[in-house]
Amino acid sequence: MKKLTKKYAAALQNVEKGKLYTVKEASELVKKTSTTKFDSTVEISFNLNLDTKQPDQQLRGTLTLPYGNGKTKKVLAITASKVEEAKAAGADYAGGVELLEKIQKENWFDFDVIVATPDMMGQLGRMGRVLGPKGLMPNPKSGTVSPDIATAVKEIKNGKLAYRVDKDGNLHLSVARVSFDSEKIAANLQTVIDTIVRIKPSSVKGNYINTIVVHTTMGPAIKLAIN
């Protein structure tokens, strides 16, 4: 059994075993249970009762947190004709085929998200083996393929997050920083929970959400009550 660090053991004492916390309580508790010297990330994790072999239960999409999550993402915009629009909207890099070649030839990945105009998806599709495993392939469902590339870039820069459930029905998102006010953490957490509840597939029978857990980087898990 792995030995707990003193900081983790001390933080764990603040979490009542077996208790299910409200969003407000958890938002205050994550600030108390952070064990790092740096500004830790606050994360929320769901385990959902889904059969991900069914197409309608492969949940994925986007949401925008009211206060962002404290992370600034580097955006690569792939477009043939709207390079200046993308740059003006805040894209860190913008261009066409030459940037795709840079990825292939130089193994260049100095970005977090790729957005693209629809006319570039043919070239991007041929790079599925490179981009797919890294979760970088643009997709209309996540809002990363759009003829209005400027808006797509702005939304990501303003805190728009993509979510996707894994094959076991787990979903994880970074929602805030420990330095955020507890009220802002609560608002972001509630936005995520409301979104997940809203997108429940109609084909799911019985229980939908098995567990919801909130925690900080290297901090103890805080279980949320499921309404």
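1. Glutamate 25 is partly exposed in this predicted model, because its relative accessibility of 31% falls between the limits of 20% and 50%. Its salt-bridge partner is lysine 19, and the closest N and O atoms of this pair are 4.0 Å apart. Lysine 19 is also classed as partly exposed, with a relative accessible area of 29%. This bridge is one of 7 salt bridges in the structure. Side chains of opposite charge can pair when their charged atoms come close.

2. A further salt bridge joins lysine 24 to glutamate 28, with 3.0 Å between the closest N and O atoms. How far apart are lysine 24 and glutamate 28 in helix α2? The helix covers residues 23-32, and the two residues are 4 positions apart in it, so about one helical turn separates them. Lysine 24 is exposed, at a relative accessible area of 57%, because that value is over 50%. Glutamate 28 has a relative accessible area of 34% and is partly exposed.

3. Lysine 74 and aspartate 110 form a salt bridge in which the closest N and O atoms are 2.9 Å apart. Which parts of the chain does this pair link? Lysine 74 belongs to the loop between β2 and β3 (75-78), and aspartate 110 to the loop between α4 (97-106) and β5; the two are 36 residues apart and the pair links distant parts of the chain. Both ends are partly exposed: lysine 74 has a relative accessible area of 34%, and aspartate 110 has one of 32%.

4. The aromatic side chains are the next topic. A search of the whole structure gives 3 aromatic pairs. In one of them, the ring centres of tryptophan 108 and phenylalanine 111 are 5.1 Å apart and the planes meet at 65 degrees, so the pair is edge-to-face; the angle needed for that class is over 60 degrees. Are tryptophan 108 and phenylalanine 111 buried or exposed? Tryptophan 108 is buried, with a relative accessible area of 12%. Phenylalanine 111 is buried as well, at 6%.

5. Phenylalanine 111 also pairs with phenylalanine 109, and this pair is tilted, with 6.0 Å from centre to centre and 45 degrees between the planes. Phenylalanine 109 counts as partly exposed, at 23% relative accessibility, because the limit for a buried residue is under 20%. One aromatic cluster is made up of Tyr93, Trp108, Phe109 and Phe111.

6. Lysine 102 lies over the face of tryptophan 108, 5.4 Å from the ring centre. Lysine 134 has its charged end over the ring of phenylalanine 109, at 4.6 Å from the centre of that ring.

7. The largest pocket holds about 780 Å³ of space. It is lined by 29 residues, of which Lys73, Gly135, Ala162, Tyr163 and Arg164 are the closest to its centre. Four elements, β2 (60-64), β5 (113-116), β6 (160-164) and β7 (170-177), each give two or more residues to this lining. Which element supplies the largest share of the lining of the largest pocket? The answer is β6, with 5 residues. By residue class, the lining has 11 nonpolar, 10 polar and 8 charged members.

8. The second largest pocket has a volume of about 250 Å³. Its lining consists of 15 residues, and those closest to the pocket centre are Ile193, Ile212, Ala225, Ile226 and Asn227. The elements α8 (182-198) and β8 (209-216) each contribute two or more residues to this lining. Helix α8 gives the most, with 4 residues. How do the residues of this second lining divide into nonpolar, polar and charged? There are 10 nonpolar, 4 polar and 1 charged.

Key: Residues numbered from 1 in each chain as written. Predicted model: local features only at pLDDT ≥ 70, side-chain atom pairs only at ≥ 80, totals over all residues. Heavy atoms only, no water. 1 Å grid on protein atoms, 1.4 Å probe; cavity = no way out; pocket = protein on both sides within 12 Å on 5 of 7 lines; lining within 4 Å. Points joined across faces, edges and corners; volume = space filled by probe spheres on them. Nonpolar A, V, L, I, M, F, W, Y, C, P; charged D, E, K, R; others polar. Phe/Tyr/Trp six-rings, centres within 6.5 Å; stacked < 30°, edge-to-face > 60°. Buried < 20%, exposed > 50% of the residue type's maximum accessible area, 1.4 Å probe, protein only. Lys NZ or Arg CZ within 6 Å of the ring centre and 35° of its normal. Salt bridge = Lys/Arg side-chain N within 4 Å of Asp/Glu carboxyl O.
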